[in-house]
Amino acid sequence: MASYKKPKKKLSAGEEQTLAKRQWEAYSRARDHGHLDYVEMAQQCDAFYRGEQWDEADISALDDQGRPALTINTILPTVNTVLGEQSTRRADVQFKPRGNGNQETADVLSRLYMQIADNNKLEWLESQAFADGLIQDRGWFDVRIDFSDHINGEVRVETKDPLDIIIDPDAKEYDPRTWNEIFETKWMSIEEIEETYGQEKADKLRMIAEVGTTLGADSMEYEDETYGDTDKENYHGADYPNNPEDARTLRSIRVVERQYYRLKDCILYVDPVTGDKRNVPYEWGKKKREKFADDYGLYIVEKKMRAVRWTVTADTVVLHDDWSPYDHFTLVPYFPYWRRGKPFGMVRNLISPQEQLNKISSQELHIVNTTANSGWIVESGSLTGMTADDLEEHGAETGLVLEFNRGSTPPGKIPPNQIPTGLDRIAQKASANIKQISGISDSMLGTDGAEVSGVAIQAKQNRGVLMIQVPLDNLKKTRQYLAEKVLNLVQRYYTEERVIQITDESDPFKPREPMAINQVTPEGQIINDLTLGEYDVIIATAPARDNFDEVQFAEAVELRKAGVPIPDDLIVEYSHLARKANIAQRIRQMQGTEPPTPEQAQLAQFEMESRIRSTQLEIAKLEAEVKNLESTAQLNMAKAQGEASDPQLKVAELQSKIQMKQEELELRERLAGMTNEVRRGQSETQAAAKLATAAMKPTGGNRNG
C-alpha cells in the first residue's frame, strides 16, 4: 500500500519493550496452538522418509533381547513416485487482459514471467516446496524484490524451511490473503543480528543476556564455557566461578518476524471511466504521483485500507517496525491437503502401516533365527570335553559333534516355535495398506508382473493419477497465487525502463533477444507499459522438455512410416543428437527449404523491384517511339503509298514489342505478388509453429535470461 512518506518516529524505551512483549505474546499464542505439535510430527515424517523409523528406546530394548529391528522403507518409493509425477507436469503460466488491459502487454507479461522463473530456477524451487509439502505437510515460497543485482530491483523467489513458518491459528482458508498474520522465526547469533540490524540493537541484546531479564528459554539459548569433558562437580580451580550461571555464554537468540494486517492511510489512483483503483507506488513522491495522474486523467484518493505491518523482534528489542512495501504477505504456501485450517501431507498417514510392516518383518526374522538355534536339553554332567556354556555358544555351528558320557541321557534339541499362521499375511496387508492409503499402485511403481498387459498397466496408471489429483490440484492453486504475487510486484516495481533478455522458446539455440519494457518513445508514448491494465492468470501444465521431445520424435517417425511426409529437419530437431539445430539447418539448405535471412529477402525484393522499374522504363520508351512514329506517318499521308508504308510497319512492330513488354511486366508483377504471398505464408506458418511449440513444449530449461 502507498502512503505519505512521513519521517519514521523512533520508539521510546517503554514503547519498544511494550511492542516487543506484545509481539512475543502473539508468537507464543500461535506457537502453543498447534505449531509445536506440528514440528514434532513434521520431524517424525521427515525421519520416516529418510528411513529412520525406530525410536532409540525400542532399538535398545530389542537389542538387549537379541531381536532384530528391520526397516523396510516403502514410504521412500511411494513419495518419490508422486514427486516424479510432479516433475513431468511443469507450469505453463500465461496472462490474458481484463478491463483496460491489452493482448500485447499480456504477451510481454507472459514472457517476463518466464524470464523471472528462469532467473530464480523456479522449477527446482517448486520441486523442493512440493517435496516439503508431501513429507512435512507444508511447503513455502517467499517472494520479494531484491536490489542486489539490479538497481531498480528484481523479483526474487526462495523456499523456506516449513518448521520456521507459523501460520495464523485462526486461518481457515488456503489463500494467505485471508489470514490475519504469519510468523517466521529462527535462531540467529548475536554477530548475525549485528550484521543485519546494526550494533546498537546487538548491544541491547548483549545487555539483556548479561542481566538475565530475558523472556525465557525459548527466547535465548546459552552454552556452558567448558573445555573438553571437564567435570565441573570435581573441578575447584581458582578461576572457576562460584555461580554456574556466570559460566554461560550467549549462543543464539530467537528472532521473530511477523507480518500482520492493520488499517492505514493509503493513496490510490482511480480511473473516472472504469472506476478501477490502483495503489500509488510506495516510493513515488508527491510531484511524481500528481504528474502521473495528470498525464493519464486519474483521480488521487486517500482512504483507510488494510495494509501489512512488518515487525521484527528479538527478546524485548525491536529490530524493525514499519509498513511493508508489499500489498500482501511475502509468503506463498503449498499444502497437499487442506481441511478447514488443518493442512497435512502424504507421509503423516503412512507412519502407522509403515511401523506395522517393520515390526511384523522383524518378528518374522526373529522367529526364523530362533528356529535355527532353538536351544538344547542336556543332563547335568553328561557332556564330555565341554560344558553347557560351550554348547550354548557353539550349539548352532555347522558340523557340531557332541560327546556324552556312557549311560547318561543324550543331549536333545528343544523343538522350535512354529511360525504363527497368518503372520506372513499380516505383513502383506501392511504393505497393501501403504499402497491403498497413498493411492500409489504397483503399476505406478513399475512393479507389475510380466503377465499384466500393457493396456491394463496404462489403465491402472491413469487410475492412480486420479488418486493423487488432490495434491496436484493444490499445487496448481499455489502456482496461481505465486503468479498473481509476481504480477503484483512487476506492476508495482517494474515501472522504469529496462531491457530483459528473452530466449526464443521455439529455438533455444538462437541467441537471446533483448526486449524493452516501459520504453518511452520520442513522441512520449510508452511501449510495453506494464504498470497499466488488469490481467488474469491462466495456469496450465506442460510436459518436461525431455519427455516432450521423446514423444514428438517417436510420433514423427511413426507418421513417416505411415506415409505422412514429415520433413527431415523436423525429425532431427526432435531427436537427441548433438548440434541438432545445425544439422537441421544444413538439411534445409541442401533441400532448398531454408527460409531466406532478412538480408537475403530484402536483397531479393530489391532486385525484383529493380527489374520491374527497368521494364516500366522500357515500355515508356517504346510508347514514346510509337507516338513519334504515328506523328511522322500523319505528316507523310500526302506522300506516296510506298513512302507511308515504312512508318506504319515500324508502328506495328513497336506496338507488338509494347504488348510483349506489358505481358512481361504483368508476369513479373504476378511473380512478385506470388513471392510475397509465399513469404507471408511462410512467416504465418513459422509463427503458428512457434505458438504451437510454445503451447506444447515445457516451461523448463533455459528459456529466458
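Predicted model: local features only at pLDDT ≥ 70, side-chain atom pairs only at ≥ 80, totals over all residues.
Let me begin with Arg348, which at 30% relative accessibility counts as partly exposed, where buried means under 20% relative accessible area, exposed over 50% and partly exposed in between, with a 1.4 Å probe and protein chains only. Residues are numbered from 1 along each chain as its sequence is written, and side-chain values use heavy atoms, with hydrogens and water left out.

Now to the partner of Arg348. The side chain of Arg348 meets that of Asp137 in a salt bridge with an N to O distance of 2.4 Å, a salt bridge being a side-chain nitrogen of Lys or Arg within 4 Å of a carboxyl oxygen of Asp or Glu. This pair links distant parts of the chain, 211 residues apart, with Asp137 in the loop between helix H5 (122-136) and strand E2 (139-146) and Arg348 in the loop between strand E13 (342-344) and helix H9 (351-372); here helices (H or I, at least four residues) and strands (E, at least two) are DSSP runs numbered from the N terminus.

In one of them, Lys160 pairs with Glu184, with the closest N and O atoms 3.2 Å apart. Because Lys160 lies in strand E3 (residues 154-160) and Glu184 in strand E5 (residues 181-188), this pair ties together parts that are 24 residues apart in sequence, and both residues are buried. In the other, Arg258 meets Glu181 at 2.8 Å, N to O; Arg258 lies in strand E7 (residues 248-270) and Glu181 in strand E5, so parts 77 residues apart in sequence are tied together. Arg258 and Glu181 are buried as well. Over the whole structure the search finds 32 salt bridges, and a network of them links Arg31, Asp32, Asp218 and Arg254.

What about the cysteines? The structure holds 0 disulfides, taking a disulfide as a pair of cysteine sulfur atoms within 2.5 Å. Cys45, at 0% relative accessibility, counts as buried, and so does Cys266, at 2%.

Turning to helix packing, H6 (residues 190-197) and H7 (residues 199-211) pack at an angle of about 150°, with their axes 7 Å apart; the axes are lines fitted to C-alpha atoms, for helices over the stretch in contact, and angles run from 0 to 180 degrees between N-to-C directions. H6 and H7 are therefore roughly antiparallel to each other, a label for angles over 145 degrees, with under 35 counted as roughly parallel, 65 to 115 as roughly perpendicular and the rest as oblique. Ile190, Ile193, Glu194 and Tyr197 in H6 meet Gln199, Lys201, Ala202, Leu205 and Arg206 in H7, contact meaning heavy atoms within 4.5 Å.

Finally, some loop residues. Lys121, in the loop between helix H4 (103-119) and H5, has a positive phi, near 50°, and is partly exposed at 40%. Asn528, in the loop between strand E19 (526-527) and E20, also has a positive phi, near 55°. Pro543 is found in the loop between strand E20 (534-542) and helix H15 (545-561), and its C-alpha atom is separated by 8.5 Å from that of Ser87, 456 residues apart along the chain.
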